[in-house]
Amino acid sequence: MGLYVLAAAKGSPGVTTSSVVLASIWPGEPILADLDPAGGDIALRYRDSSGVPLDPDRGLLSLGAAVRRGVAEVQLSDHVQQIAGGLEVLTGVISPDQVQGLGPTWQHLARSLRSVPDRDVIADCGRLTPGAATIPVLQSADAVLMLARPTLEGLSHLRELIRGLAELLQLGGYDAVPVGVALIASYRDSRTPAEVQSILDQAGLRASVLGILADDAKAATAVRTGDSGRVRNSLLTRSAAEIRDRLLTVRRDLSGAVDRTVQQTSGAGGPF
């Protein structure tokens, strides 16, 4: 079904935490793929339902090995593990060298992530640069969600990253990959999304600010420690649900432009 990528330009806006929250409230039974080029955190943070550490040999590396061996039909389900709470995850690599070591298999991995029957994949691509090994995953995505803090540095790095990815994602073209932005900020900061949208528009960048993902430190800590009970009714989860709904409206259209049919939606979001 669908492939949705989360990434950031620089700093630590909480891509992995946001990915876990979104996947936990996603419709159906999504798979969370840890593709952070700097090394994944999922296998380090979480345990299975019995409290046992996840198998480090089962995940992105085993999937890549299957692809390299030329297995006729690579099944993503053979390489995922279930963490406490029921979410299925594709654990990532430990070091950046392992990411680069996957080499040309990234093209095939991207297709595998994009074509899981009846299930969406949420891909945590961590901090992203235009030359990142995971670019084929972004190019195969139904939508890319960039996370950023609305600081001078955060927005500057976000703007330059989107500009650097414009050609690779064919932004503004016939077959563009829609790009959305979620701002890590106070949930009450209703003006910021519109201001950031204006900055992106003035720069001529085809990206839409979907709204605010609440900067909720207590809930973020609970997510990282697997304490789902403390997260369920948090500002973080409520704001993530709004971002999820807007992200799910993103579709490719004939002009390659982002579908803006949910403009002026209620809540923390800006124009979309």
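**Core and fold**

Mentor: Let's start inside. Keep in mind that this is a predicted model. Not counting residues up to four places away in sequence, Val 137 touches Leu 3, Val 5, Leu 35, Trp 106, Ala 110, Leu 113, Ala 123 and Cys 125.

Trainee: Which residues touch the most other members of the largest nonpolar core?

Mentor: Leu 35, Val 137 and Met 146 do, in a core of 52 residues. Helix H7, residues 152-165, gives this core its largest share, 5 residues.

Trainee: What about a second core?

Mentor: That one is separate and has 34 residues. Tyr 46, Ile 83, Ala 219 and Val 231 are among them.

Trainee: New topic. Where is Asp 142 found?

Mentor: In the loop between helix H6 (135-140) and strand S6 (143-148).

Trainee: Is Asp 142 buried or exposed?

Mentor: Buried. The relative accessible area of Asp 142 is 14%, and the cut-off for buried is under 20%.

Trainee: Which side chain does Asp 142 join in a polar contact?

Mentor: The side chain of Arg 114, at 3.1 Å.

Trainee: Zoom out. How many helices and strands does the chain have?

Mentor: It has 10 helices and 8 strands. The chain's radius of gyration is 17 Å, close to the 19 Å from the globule rule for 272 residues, so the chain is as compact as a globular protein of that length.

Trainee: How much of the chain counts as buried?

Mentor: 52% of the 272 residues.

Note on methods:
Residues are numbered from 1 along each chain as its sequence is written. This is a predicted model: local features need pLDDT of at least 70, side-chain atom pairs count only at pLDDT 80 or more; totals for chains, interfaces and linings use all residues. Side-chain values use heavy atoms; hydrogens and water are left out. Helices (H or I, at least four residues) and strands (E, at least two) are DSSP runs, numbered from the N terminus. Buried means under 20% relative accessible area, exposed over 50%, partly exposed in between (1.4 Å probe, protein chains only). A polar contact is a pair of N or O atoms within 3.5 Å; within protein, one must be able to donate a hydrogen and the other to accept it, and residues adjacent in sequence count only if both atoms are side-chain atoms. A nonpolar core is a set of buried Ala, Val, Leu, Ile, Met, Phe, Trp, Tyr and Cys residues joined through side-chain atoms within 4.5 Å. Contact means heavy atoms within 4.5 Å. The radius of gyration is taken over C-alpha atoms; the globule rule is 2.2 Å times the number of residues to the power 0.38.
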